Every structure is written in structure tokens, then in C-alpha cells.
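Here is a short briefing to read with the model open beside you.

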Amino acid sequence: MSGLKLIDVSKSYGATRVLDGVSLAIAPREFIAFLGPSGSGKSTLLRIIAGLESLDAGEVRLGGARIDTLAPGARGIAMVFQHYALYPHMTVRENMAFGLVNAHVPKDEIARRIAQAAEILEITAQLDKKPAQMSGGQRQRVAIGRAIVKQPQLFLLDEPLSNLDAALRNRTRVELAQLRNRVDAALIMVTHDQAEAMTLADRIVIINDRRIQQVGTPAEVYARPANAFVARFVGSPAMAMLPATLDGAEGGRVQARLAEGTMLRTAVPTRGLEQGAAVEIGLRPEHVTLAAPGAEGLPARVELVERLGDRTFIYARLAGGPEIIAHAPGFSQVRPGDEVRLAIDAAAAHIFAADGTAHHPDARP
């Protein structure tokens with residue numbers, strides 16, 4: 001069975017272009033996360049798939065059949081909204097049954113589906129309660145259960161965890177990860193939370209400026225971002241971007257000189273890069289550490305220290321102005337205002353050309 005296909009989907013609101021020629025293929029049981037900043041078009045794309053928005057051009061196909069011409073209820077899709085949208089005067093059982101009753105599904109089949117979904121979501125004991133008697137996490141499970149009983153080919157989740165507090169978000173994130181193994185359908189989740197996307201998704205679709213910027217596994221978009229936008233957007237803390245100039249090569253690998261004069265011998269191949277070009281050097285925090293006492297390193301001034309118990313992130317500023325983020329194990333004693341020296345793992349550095357194109361280091365053995 002084929003999954004979902006988006007073919008050159010475009011959408012405008014008046015003169016404002018929201019989506020521009022978006023194409024994507026999703027496998028039948030794949031979990032996909034749409035990730036991007038506010039206004040990037042990710043929620044609009046989800047609503048187009050659901051049939052809640054019309055497209056201006058392109059096609060949406062599910063299971064091999066075109067569905068963008070069908071009414072929302074005829075598409076074989078179930079959607080879970082950011083707000084639970086439960087009927088307050090109905091019990092959980094009645095909320096979950098509502099769509100099936102309207103579709104004239106037999107009563108015994110409705111009862112079977114509700115019992116099955118309630119067991120999957122561990123809400124069997126809540127079936128005769130009303131939404132007001134339940135916690136936010138329980139209400140979100142009911143909203144998901146209402147989608148499950150429809151037995152769709154595709155689940156659409158629109159910011160499903162955003163209304164939950166931090167503890168419930170973490171717990172419900174685990175439950176969603178378990179859910180995807182219990183349903184025979186693809187899932188697409190819109191989120192602005194990178195932790196959700198990295199934890200749950202088989203692949204992440206990074207959307208910005210009306211287009212898909214990159215599609216890849218969580219490891220791929222983190223380790224080999226397609227361009228400077230993805231590099232800055234994915235990762236917490238974000239990748240540091242240091243202005244540099246290409247200055248020679250060694251063994252077919254690029255050398256780059258930082259603004260303050262330090263030369264970095266990278267593992268990035270020279271192909272596609274012109275000597276003397278102005279570029280940005282991208283460094284993840286784990287590739288920048290505090291230099292050992294007495295060792296050489298980049299001089300920097302600490303501006304902020306983020307202590308997370310098992311690790312510390314040190315936000316510092318180099319001579320000449322650019323910010324860089326270093327990683328230290330455990331509970332570092334470094335303080336804001338300290339002058340430190342930083343050790344750079346130049347072999348892990350990425351290079352971004354003036355147009356944002358990424359050039360990655362060769363894979364390490």
C-alpha cells in the first residue's frame with residue numbers, strides 16, 4: 001500500500017505566498033514531524049492534507065488515490081488539534097463515538113473500537129467521565145482516542161502537546177512514541193519543539209520560507225544540515241556560526257582562517273569551495289570545549305553559563321564579536337565574565353558558503 005504523496009503543493013492568501021511547490025512522499029506507517037518557525041507554513045500544509053484548507057496548485061494523494069478534491073470526512077484521515085475540542089456535555093465514551101455514530105457505524109462495532117482505543121491509551125477507567133473531570137493529559141488522550149476509532153490511513157497531529165505542562169509533555173511524548181507502534185497508519189505531527197521532533201519522528205521535514213529546507217532522520221538533520229538555516233534552527237543550543245575566510249588546503253581538505261586570525265584545518269573537502277571566499281564555520285557545542293590549563297586555545301569572554309546538572313553550556317564571545325558555545329561535562333565552575341581559552345575540534349567543523357549552502361566534513365572512520 002502506498003502512503004501519502006504531496007506533489008508541487010502551493011498556497012497563497014491574496015498576494016502572500018505561504019507554500020511554494022512543496023513535494024513529499026511519506027511511507028504508510030512512517031512518523032513524520034513538520035518542524036519550522038512560526039509562519040513557516042507547516043500548519044497550513046497540515047490543514048491542506050486534512051482538507052481544512054484548499055490548495056491553489058498541486059495534488060495530495062493517499063494510498064495511491066487523489067484526495068485533495070474530496071471532502072475532509074472522505075479522505076481517510078483523522079486529525080488531533082492543538083485544543084482538545086471535546087464536547088463538554090458528553091462523556092469520554094460519547095465523545096469517542098460521536099463521529100462513528102454520524103457515519104452510521106454499527107453499535108457493536110463502535111463499542112469494540114472504543115474499547116480497543118481506550119485500552120491502547122490506558123483510559124478505560126475514564127470512559128464514563130466528562131472532560132471537566134479529567135486532567136489536561138487525559139483530555140489529550142481522549143482527543144487521540146477519538147481519532148484512533150476512525151481507523152484512518154493517516155493521523156495528523158497539530159501541536160498535540162503544546163497545552164500540557166512540562167511533566168505531562170514528557171510523559172505524553174513517551175506515550176505517543178508507544179502509540180505509533182500500535183496503530184496501522186502513518187502519523188504527521190506539526191511541532192515547534194525540537195525535542196518532540198527528535199524523539200518521535202522517523203524523519204523530520206524542516207519547513208521555512210514557503211519551502212521544504214530538508215527532509216531527513218533526526219540524526220541527519222542534526223549532523224549534516226542542508227543549509228545555514230537548518231544548522232541554526234536545529235539543535236539546542238544552536239550551532240555557532242563564525243565568520244571566516246578560506247585560506248589554503250591540506251590533503252584535499254579546506255583550511256579556514258577566523259576573523260581574529262586562528263587557522264582551522266577542517267575535514268571538509270575542497271570541491272565546490274573557492275579559495276579566498278568569505279564563509280561561515282559551523283560548530284556544535286560538543287565540538288568546543290575548555291582548553292586544558294596552559295594549553296593553546298581561542299581566547300573568549302564568558303557571557304552566560306547554563307548548568308544542566310550532567311553538563312554545562314558556556315556561552316562566550318570571541319575577540320572580534322562572534323558568539324560561540326562550548327560544552328563542559330558536569331557542573332562547571334566557570335562564571336560570566338571569566339576569560340577562558342577554548343579548544344576547537346576543527347575536524348568536526350562545517351562550512352557554509354555565502355548563499356547558505358552546506359559543506360560537511362568527511363565521515364570519520
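In this predicted model, 25 residues line the largest pocket, and those nearest its centre are I77, A78, M79, G99 and K150. The space in this pocket comes to about 660 Å³.

**The largest pocket**

- Three elements, β6, α2 (92–102) and α4 (136–148), each give two or more residues to the lining of the largest pocket.
- Helix α2 gives the most to this lining, with 5 residues.
- Sorted by class, the lining holds 18 nonpolar, 5 polar and 2 charged residues.

- Strand β6 covers residues 77–80 and has both faces covered.
- On one side of β6 sit I77 and M79, on the other A78 and V80, and all of these are buried.
- In a regular strand, side chains alternate between the two faces of the sheet.
- Strand β7 (residues 154–158) runs parallel to β6, and 4 bridges join the two.

**Aromatic pairs**

- The structure holds 2 aromatic pairs.
- In one of them, the ring centres of Y87 and F98 are 4.9 Å apart and the planes meet at 50°, so this pair is tilted.
- Y87 belongs to the loop between β6 and α2, while F98 is in helix α2, so the pair ties together parts that are 11 residues apart in sequence.
- Y87 counts as partly exposed because its relative accessibility is 32%; F98, at 31%, also counts as partly exposed.
- F229 and F233 have ring centres 5.4 Å apart and planes at 15°, so this pair is stacked.
- Helix α8 (residues 228–233) holds both F229 and F233, which are 4 residues apart, about one turn of the helix.

**Arginines over rings**

- R284 lies over the face of Y222, at 4.1 Å from the ring centre.
- R307 likewise lies over a ring face, that of F331, at 5.3 Å from the ring centre.

**The open sheet**

- An open sheet is formed by 6 strands in the order β13-β12-β11-β14-β20-β21, with antiparallel pairing.
- At its edges stand β13 (263–269) and β21 (358–359); each has a single partner strand, so one side of each is left without a neighbour in the sheet.
- Strands of a sheet pair through backbone hydrogen bonds, either parallel or antiparallel.
- Strand β20 (residues 350–352) and β21 run antiparallel and are joined by 2 bridges.
- To find this pairing, look for I351, whose bridge partner in β21 is H359.

**The whole chain**

- The protein chain has 8 helices and 21 strands.
- Of its 365 residues, 48% count as buried.
- The C-alpha trace spans about 75 × 45 × 40 Å along its principal axes.

Methods: Residues are numbered from 1 along each chain as its sequence is written. This is a predicted model: local features need pLDDT of at least 70, side-chain atom pairs count only at pLDDT 80 or more; totals for chains, interfaces and linings use all residues. Side-chain values use heavy atoms; hydrogens and water are left out. Two strands pair if DSSP finds at least two bridges between them. Buried means under 20% relative accessible area, exposed over 50%, partly exposed in between (1.4 Å probe, protein chains only). On a 1 Å grid over the protein atoms alone, a cavity is a set of points where a 1.4 Å probe fits but cannot get out, and a pocket is an open set with protein on both sides within 12 Å along at least five of seven lines; lining residues have an atom within 4 Å of a point. Grid points are joined across faces, edges and corners, and a volume is the space filled by probe spheres set on the points. Ala, Val, Leu, Ile, Met, Phe, Trp, Tyr, Cys and Pro count as nonpolar, Asp, Glu, Lys and Arg as charged, and the others, Gly among them, as polar. Rings of Phe, Tyr and Trp (its six-membered ring) pair if their centres lie within 6.5 Å; planes under 30 degrees apart count as stacked, over 60 as edge-to-face and the rest as tilted. A charge sits over a ring if NZ of Lys or CZ of Arg is within 6 Å of the ring centre and within 35 degrees of the ring normal.
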